[in-house]
Amino acid sequence: MDKRFLRNIPSISESEQELLHGKNVFIAGCGGLGGYICEYLVRAGVGALSVADGDCFEETNFNRQLLSLQSTLGMSKSRAAAERAQQINPDVKLTVFEEFFSIENAEKMLEGADIVIDALDNPSDRILLEEECGKRGLYLVHGAINGWNAQVSVVKPGSSFLKNLYSDFLPSPSSCLCPTPAICAGLQAAEALKILCGRVSSLEGKLLFADLLNMEFEIIEF
């Protein structure tokens, strides 16, 4: 076994580690959530990552985005995520899309994916991602952040969970502190790893809400 992943055992079994090596994860968004998710999954031993983001780093990203550095200012976020992943594991297979997820490019972006992770930043794009995953029978791991708050869910293909969740969504001023995306991404990565290993998700059809200011966590069943 690759020494990079020895300390994953026995939290996951050797056979599960081998299973992860053959999996491909699509991450939509490489900013606050996506940068951490990419980091966690490549360190866990996922063998292939497809990353998509049409944005480039700017100074306002420094407070919360792992891949936002002086050296990456002006750089494509998806390209920075791929370069970081290769520094951790040169053997990881990477597909980089320097564009935003849309209905026009959904086919090529989701091709070959075993699971999809939502690291987007608005409800309309999330609902579109959910719909495209449903058409292809793909599980979607949802995450969203605002200030001290985070939410995570696992969306079963065809369930329209996010469409229902955001049906009465009202836009509000958005901010984000550095611990929030790291914690949210960690929870998303944990659920994704369980599904990739063939285990049962703890959050399918449920919404975990985390209030980090008051350290309150609640799981809501839908």
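In this predicted model, the largest pocket is lined by 39 residues. Leu120, Asp121, Asn122, Arg126 and Ile145 lie nearest its centre.

The largest nonpolar core has 40 residues. Val25, Ile27, Ile37, Leu41 and Leu49 have the most contacts inside this core. Strands E1 (24-28), E2 (48-52), E4 (115-118), E6 and E7 (206-211) each supply two or more residues to the core, and so do helices H2, H3 (77-88) and H7 (179-196). A second, separate core has 23 residues, with Phe26, Ala113, Ile127 and Leu140 among them. In the largest core, Ile27 illustrates the packing. Leaving aside residues up to four places away in sequence, Ile27 touches Gly34, Ile37, Cys38, Leu41, Leu49, Ser50, Val51, Ala52, Ile117 and Ala119.

The cysteines were examined next. A search of the whole structure finds zero disulfides. Cys133 is in no disulfide, and the nearest cysteine sulfur, that of Cys30, is 15 Å away. Cys133 counts as buried because its relative accessibility is 1%, under the 20% cut-off. For Cys178, the closest cysteine sulfur belongs to Cys176. The two sulfurs are 8.5 Å apart, too far for a bond, because a disulfide requires sulfur atoms within 2.5 Å. Cys178 has 43% relative accessibility and therefore counts as partly exposed.

Conventions
Residues are numbered from 1 along each chain as its sequence is written. This is a predicted model: local features need pLDDT of at least 70, side-chain atom pairs count only at pLDDT 80 or more; totals for chains, interfaces and linings use all residues. Side-chain values use heavy atoms; hydrogens and water are left out. On a 1 Å grid over the protein atoms alone, a cavity is a set of points where a 1.4 Å probe fits but cannot get out, and a pocket is an open set with protein on both sides within 12 Å along at least five of seven lines; lining residues have an atom within 4 Å of a point. A nonpolar core is a set of buried Ala, Val, Leu, Ile, Met, Phe, Trp, Tyr and Cys residues joined through side-chain atoms within 4.5 Å. Buried means under 20% relative accessible area, exposed over 50%, partly exposed in between (1.4 Å probe, protein chains only). Helices (H or I, at least four residues) and strands (E, at least two) are DSSP runs, numbered from the N terminus. Contact means heavy atoms within 4.5 Å.
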